[in-house]
Amino acid sequence: MPPRPSDAAQLEKYADDLVRVYKSEKQKRKELEAANQQLVKFADDLNKTILELKSAYQELQESYLDTIHRLALAAEYKDEDTGDHIFRMSRYSALIAEKLGLSDKEVQNIRYASPMHDIGKIGIPDSILMKPGKLTDEEFDQMKTHTTIGATILADSKAEILQLAQQIAISHHEKWNGRGYPQGLAGDTIPLAARIVGLTDVFDALTSKRPYKDPFPVEVALDIIKKERGQHFDPDIVDVFFENIDEILKIKEEVGSAEDASLADFTRSERDQAGGGT
Ligand SMILES: [Fe+2]
């Protein structure tokens, strides 16, 4: 039986509706696809921006460390023009900090802050700094002010590394028994980083050539440090130093041949050895 005219009109309306729905769905799919492509592009752009930011941050971090290194070199220049002393100091101090169980961040901060321990030598006259013989009492008093001059140079920084560097600069000649300078602090009232640097500085000074002395043999230097356990030096730090003496001596061997490197180069090579990272 043929459809009635009213059924035919209804069917035609359904067919029209279906076409409309189909077209509208097709349009929506297109829009969705376009939105999707837009999102993929945004994600790509975001990734690129993050990579660029990371690279800019890394570059900034490296310039910052390089600047710190050059500042430390300026202070050491008259004493020792290769800068080996501050490289060794940095690595000895970071090693001891790590073995004492400090966090990675604290170890890194000590690594970068320790080279600035003698920054205040900039303010000491050459006639005292480079004097080949023994200093008079008066000259020695003036030499001692490199701690407070350093602290003044490094004061009021917002950067954590420079704040730590200031603590180290002012306290690295304090002694565990309270007979150091400039404040006569004793025991653990001396900041830990300064106690670490106090020991690594003496060890490196004893085993290095200076304008006023030839290097001591390592055994003699180690003997002096042992005798000063609990006197000049924090006994726990002396113990950690001796427990890791092989690694300390390895650093001593290695740094002599790294004259043209900078702290940032050290960071880079350590990071690369550790398998990358940002
Ligand atoms: Fe010093």
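## Asp-118 and its polar contact

A polar contact is a pair of N or O atoms within 3.5 Å; within protein, one of them must be able to donate a hydrogen and the other to accept it. In this predicted model, the side chain of Asp-118 makes such a contact with the side chain of His-172, at 3.0 Å.

Asp-118 sits in the loop between helix 3 (104-113) and helix 4 (126-129). Leaving aside residues up to four places away in sequence, Asp-118 touches Ala-75, Glu-76, His-146, His-172 and His-173.

## The iron site

Four residues coordinate the iron ion: Asp-118 through OD, and His-146, His-172 and His-173 through NE2, at 2.1 to 2.3 Å. Along the chain, these donors follow the spacing D-x27-H-x25-H-H. His-146 belongs to helix 6 (residues 146-154), while His-172 is in the loop between helix 7 (160-171) and helix 8 (192-206), so this pair ties together parts that are 26 residues apart in sequence.

The angles among the four donor atoms run from 84 to 172 degrees, and the site is irregular. For comparison, the ideal angle for four tetrahedral donors at a metal is 109.5 degrees.

His-172 counts as buried because its relative accessibility is 1%.

Methods. Residues numbered from 1 in each chain as written. Predicted model: local features only at pLDDT ≥ 70, side-chain atom pairs only at ≥ 80, totals over all residues. Heavy atoms only, no water. Helix = DSSP H or I, 4+ residues; strand = E, 2+ residues; numbered from the N terminus. Contact = heavy atoms within 4.5 Å. Donors = N, O, S within 2.8 Å, 3.2 Å for Na, K, Ca; no water. Tetrahedral: all angles 85-135°; square planar, octahedral: opposite > 155°, others 65-115°. Buried < 20%, exposed > 50% of the residue type's maximum accessible area, 1.4 Å probe, protein only.
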